[in-house]
2 protein chains.
Amino acid sequence: MKLALDTSQTSGSIALADADKLLYSAYFDLRITHSETLMPAIDAAIKTCGASPKEISELYVCLGPGSFTGLRIGLATAKGMAYGLDLPVYGFDALQLTAFPCILSNKKILAVIDARMKQVYAALYNPDLSVLQAPRVLDPQELLDWDLSGTVITGSAVALVRPLLDKANLASSYAPKYFRIPKAEVLFALPALLPPQVYRGEKLFDLEPLYLRESTAQIKHQQNKV
Amino acid sequence: MKLALDTSQTSGSIALADADKLLYSAYFDLRITHSETLMPAIDAAIKTCGASPKEISELYVCLGPGSFTGLRIGLATAKGMAYGLDLPVYGFDALQLTAFPCILSNKKILAVIDARMKQVYAALYNPDLSVLQAPRVLDPQELLDWDLSGTVITGSAVALVRPLLDKANLASSYAPKYFRIPKAEVLFALPALLPPQVYRGEKLFDLEPLYLRESTAQIKHQQNKV
């Protein structure tokens, strides 16, 4: 049985699958921290499926970019389970997870995730999720340098970039809200398109979030040193 | 707060939203009946959101076509809650629910749901979900009379119709598995495209599943009378 986790944003989600069949999935966007919701959600999922944690054979986890604390909780949980049960962990990019529900559009896909401080994490993909613009953190106006003609724009930061992009008249379109919600079960579908990073054994200790920038705390620490 | 239910297939799903924001969703495809899973799932959803049943103000429900017993359980639950709390119920077609995740393809969408006895429930839609072929129950080979060129084919019965359609060389494509999974939260997105049927008060008693055909029990009963 495979378990997928995504805690890279304010929302969280988990999914359980047996080979190719989705057994269970849950999504929650509540005003409580992932540290309170994640383990109970995993436990409820496994119990609902009438299974035990020992039946998990593979872990799929979203590595970010996204919320610093959310990513740390998700990865620590995945590492803990993988270490205890000696499981492989498959790691994926949050922007590819975000882009996936739009692949049927057969258009370029711009994925944007809120990075706080008026910035966004952004990446531009072909419909097969091959990379046109690699993930980075940027001010929304920097997106105007990208070729976004005939692009579908999706992700949790659509509301943040839309006023600016609308003004620029880019002939792009926005994914309806349903398609912008990040879901852990996408992680089961991504390996057909993308080779995941695989972590196991000693390599498990190298499993790190994709931060793309330093945390506010680190930036402040650097500034204080100058 | 809005609650959505889908028990039209062997899988079931529920979702909770506050205005435009999805708060919680759960999907389960287990070998136990909806009569055992549905109420506990609704209760867990409401409790996870820190809410009480009295905060539900609208119900969204999938009317079928699909599993006879599943639909009866889903509709009875919706009717019970709506009667108790005097809520409006918005009813939707299972084939439009199935087609929705493919709307970004900008192609015609063929939705197929397993109807057992080697038959399928099927309907053909434009990308805006307007109807090209109305929902009906049919033998898979009857689909060859429909114009399926440039169509994306989706739903739980893809595996059932694919061998036949592949042979006929229809220049159509199949939605990846991720897009074929029916989700109750789609019901929150459908009203933007489709006017739902609305039930409330006395009209609530008229809330009926969309069966499209008689149940096996009814067919047998008819045959015994002849």
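Me: Why is the second largest pocket called a pocket, and how much space does it have?

Reply: The second largest pocket has a volume of about 670 Å³, and it gets the name because a pocket is an open set of points, on a 1 Å grid over the protein atoms alone, with protein on both sides within 12 Å along at least five of seven lines. It has 30 lining residues, with B:Q9, B:T10, B:S11, B:D114 and B:S156 closest to its centre. Two or more residues each come from β3 (21–28) of chain A, and from β6 (108–114), α4 (158–168) and α5 (177–180) of chain B. Keep in mind that this is a predicted model, where local features need pLDDT of at least 70, side-chain atom pairs count only at pLDDT 80 or more, and totals for chains, interfaces and linings use all residues. Residues are numbered from 1 along each chain as its sequence is written, chains are lettered from A and ligands numbered from 1 in the order written, and side-chain values use heavy atoms, leaving out hydrogens and water.

Me: What makes a residue part of a lining, and which ones are closest to the centre of the largest pocket?

Reply: A lining residue has an atom within 4 Å of a point. The largest pocket holds about 950 Å³ of space, where volume means the space filled by probe spheres set on the points, which are joined across faces, edges and corners. Of its 42 lining residues, A:Y27, A:D29, A:S156, A:K177 and A:I181 are closest to the centre. By class that's 23 nonpolar, 9 polar and 10 charged; Asp, Glu, Lys and Arg count as charged, Ala, Val, Leu, Ile, Met, Phe, Trp, Tyr, Cys and Pro as nonpolar, and the rest, Gly included, as polar.

Me: What makes the other space a cavity, and which residues line the largest cavity?

Reply: In a cavity a 1.4 Å probe fits but cannot get out. The structure holds 1 cavity of 30 Å³ or more, and the largest cavity has a volume of about 160 Å³. Its lining includes P101, Y178, F179, I181 and K183 of chain A and of chain B, along with B:E185. α5 of chain A and α5 of chain B each give two or more residues; helices (H or I, at least four residues) and strands (E, at least two) are DSSP runs numbered from the N terminus.

Me: How do you know how the two copies are related?

Reply: A rotation of 180 degrees with 0.0 Å of shift along its axis puts chain B on chain A, at RMSD 0.0 Å. The two copies are thus related as by a two-fold rotation axis.

Me: What makes the peptide bond from A:G64 to A:P65 stand out?

Reply: That bond is cis, with omega near 10 degrees, whereas most peptide bonds are trans. A:P65 sits in the loop between β4 (58–62) and α2 (68–85) of chain A. The bond from B:G64 to B:P65 is cis too, with omega near 10 degrees.

Note on methods:
Least-squares fit on C-alpha atoms with pLDDT ≥ 70 in both.
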